[in-house]
Amino acid sequence: MSTTSGPPATADTTATPPTADTTPTPATAVAAGAPAAVPEPRHLVRRLVQLYAGLALYGVSSALLVRSGLGLEPWNVLHQGLSGITGLSMGVVLTIVGAAVLLLWIPLRQKPGLGTVSNVLVIGAAMDATLWLVPDAHGLLARVPLMLAGVVLNGLATGLYIAARFGPGPRDGLMTGLHRLTGRSLRLIRTTIELTVVLTGFLLGGSLGVGTLLYAVAIGPLAQFFLRVFAVPGGGGSTVVASRTPRQAILRR
């Protein structure tokens, strides 16, 4: 859902000093330092599969959180609020917001990769498809498992597509671009963006709840674990996505 909106915590080729802050908010990881290695051709198919499987599963995970009715990840709070006002589906709103954020890369001189464009197009479509297939849950016995599945699956999806190393999501690039432009810390930039998004989404009718809190607490450790699980041997890609070790990654959506 960086959205997206919108499947928490992925940067340009300009090196960014590592930061101790590894707690994400969507689904994405931003690079914190190392130049990209030359990708090995024999791993290209695996990386492509990881990219698109991860983005699709991110959309699925976001839809499960919606159906649980117990709270959404920060950007999807905004997407849900805008969806209620415009009458558009959440997936369509996620895609439109992602494209709008991507336009902000132009003055920030950020360079998109295949993963950046795919992030905008795939997550929203997967989210809408899942929302069409999965009905609303009723009762805590149904809603809590959906919430837990959404959070865990979001961490898995983040690990999949970040480890593929095809470039940052639109929201991640916005964060790192503002960091480079203003000189402010990534922690401050990210917190400001997230609080603005959540507050705006809540005022527009987006859903906050225990799922939002659980997501904020759990997505960092989950994404970091799955980054290790799905790391591609040899690493590298068109854009720096994570640094030499997962501990140096800044994870968010």
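This is a predicted model: local features need pLDDT of at least 70, side-chain atom pairs count only at pLDDT 80 or more; totals for chains, interfaces and linings use all residues.
Trainee: Which residue takes a positive phi just after H1?

Mentor: That residue is Gly69, with a phi of about 70 degrees. Gly69 is found in the loop between H1 and helix H2, which covers 74–86.

Trainee: Why is Gly69 called partly exposed?

Mentor: Its relative accessible area is 41%. Buried means under 20% and exposed means over 50%, with partly exposed in between. Gly69 therefore counts as partly exposed. In space, the C-alpha of Gly69 is 8.1 Å from that of Met147, although the two are 78 residues apart in sequence.

Trainee: Which residues have a positive phi although they are not glycine?

Mentor: Arg109 has a positive phi of about 60 degrees, and Arg165 also has one of about 60 degrees. Most residues other than glycine have a negative phi. Arg109 is found in the loop between helix H4 (105–108) and H5, while Arg165 is in the loop between H6 and H7.

Trainee: Is Arg109 buried or exposed, and how do you know?

Mentor: Arg109 has a relative accessible area of 70%. The cut-off for exposed is over 50%, so Arg109 is exposed.

Trainee: What makes the contact of Arg67 and Asp136 a salt bridge?

Mentor: Their side chains meet at 3.0 Å, N to O. A salt bridge needs a side-chain nitrogen of Lys or Arg within 4 Å of a carboxyl oxygen of Asp or Glu, so the 3.0 Å pair qualifies. The pair links distant parts of the chain, 69 residues apart: Arg67 is in helix H1, and Asp136 is in the loop between helix H5 (114–133) and H6. A search of the whole structure finds one salt bridge.

Trainee: Why is the pair of Tyr58 and Tyr161 called edge-to-face?

Mentor: A search of the whole structure finds three aromatic pairs. In this one, the ring centres are 6.1 Å apart and the planes stand at 75 degrees. Rings pair if their centres lie within 6.5 Å, and planes over 60 degrees apart count as edge-to-face. The pair is therefore edge-to-face. The pair joins distant parts of the chain, with Tyr58 in helix H1 and Tyr161 in helix H6 (residues 140–163), 103 residues apart. Both Tyr58 and Tyr161 are buried.

Trainee: How do you know that the rings of Phe225 and Phe226 are edge-to-face?

Mentor: Their centres are 5.0 Å apart and their planes are at 75 degrees, so the pair is edge-to-face. Phe225 is partly exposed at 47% relative accessible area, whereas Phe226 counts as buried at 12% relative accessibility. Phe225, Phe226 and Phe230 form one aromatic cluster.

Trainee: What makes the nonpolar surface patch?

Mentor: Leu44, Leu48, Tyr52 and Leu114 make a patch of about 300 Å². Helix H1 gives the most to the patch, with three residues. Leu44 is found in helix H1 and has a relative accessible area of 38%, so it is partly exposed.

Trainee: Why is Thr176 called buried, and with which side chain does it make a polar contact?

Mentor: Thr176 has a relative accessible area of 4%. Buried means under 20%, so Thr176 is buried. Thr176 lies in helix H7 (residues 170–182), and its side chain makes a polar contact with the side chain of Gln110 at 3.0 Å.

Notes: Residues are numbered from 1 along each chain as its sequence is written. Side-chain values use heavy atoms; hydrogens and water are left out. Patches are made of residues with over 30% relative accessible area and no salt bridge: like charges are joined within 9 Å, nonpolar side chains (Val, Leu, Ile, Met, Phe, Trp, Tyr) within 5 Å. Accessible areas come from the Shrake-Rupley method with a 1.4 Å probe; for residues, only the protein chains shown count as cover. Helices (H or I, at least four residues) and strands (E, at least two) are DSSP runs, numbered from the N terminus. Buried means under 20% relative accessible area, exposed over 50%, partly exposed in between (1.4 Å probe, protein chains only). A polar contact is a pair of N or O atoms within 3.5 Å; within protein, one must be able to donate a hydrogen and the other to accept it, and residues adjacent in sequence count only if both atoms are side-chain atoms. Rings of Phe, Tyr and Trp (its six-membered ring) pair if their centres lie within 6.5 Å; planes under 30 degrees apart count as stacked, over 60 as edge-to-face and the rest as tilted.
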